[in-house]
Amino acid sequence: MKRLLTNQARLVCRHELGTVANYHRQSFVRISGCPVLLVDDDPERRTISGCPNVGATIKPCTRTLAVTRGYSDLLRIEGHRVCLDTVSGLTDGTPPGTVEYIVRDAGQDFVGEV
């Protein structure tokens, strides 16, 4: 089962310590009191803090780029596809076009899509 994300979800860059700042633009659909997070492009253009990928010619992950997979084909809120715990995309870290952000914890264990 692919779980829906809430505002308690934990998204990280592939360097594992870089944490993506959550953002939710809707508040009326909730799971256990937490708003369902990430509807359509909500995971894009978010800040990443704590990425350990630092060096003289190395840029740490500081921002998420476009989602490449993980949108629901079935569930929508206000016409926007809901993001699932399979959401991922690239970051602006180096080497360019190779470092992904992924979901480590959906923020809930109850509601999903089969």
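Buried means under 20% relative accessible area, exposed over 50%, and partly exposed in between (1.4 Å probe, protein chains only). This is a predicted model, where local features need pLDDT of at least 70, side-chain atom pairs count only at pLDDT 80 or more, and totals for chains, interfaces and linings use all residues. Residues are numbered from 1 along each chain as its sequence is written, and side-chain values use heavy atoms, leaving out hydrogens and water.

**Exercise 1.** Work out whether Ala106 is buried or exposed, and list what Ala106 touches.

*Solution.* 
- Step 1: the relative accessible area of Ala106 is 0%, so Ala106 is buried.
- Step 2: look for contacts, meaning heavy atoms within 4.5 Å. Leaving aside residues up to four places away in sequence, Ala106 touches Arg3, Leu4, Leu5, Thr6, Ala9 and Asp85.

**Exercise 2.** Find which side chain meets Arg3 in a salt bridge.

*Solution.* 
- Step 1: use the rule, a side-chain nitrogen of Lys or Arg within 4 Å of a carboxyl oxygen of Asp or Glu.
- Step 2: the partner is Asp109, at 2.8 Å, N to O.
- Step 3: Arg3 sits in strand E1 (residues 2-3) and Asp109 in the loop between E9 and E10, so the pair ties together parts 106 residues apart in sequence.
- Step 4: check accessibility. Arg3 is partly exposed at 22%, while Asp109 is exposed at 56%.

Notes: Helices (H or I, at least four residues) and strands (E, at least two) are DSSP runs, numbered from the N terminus.
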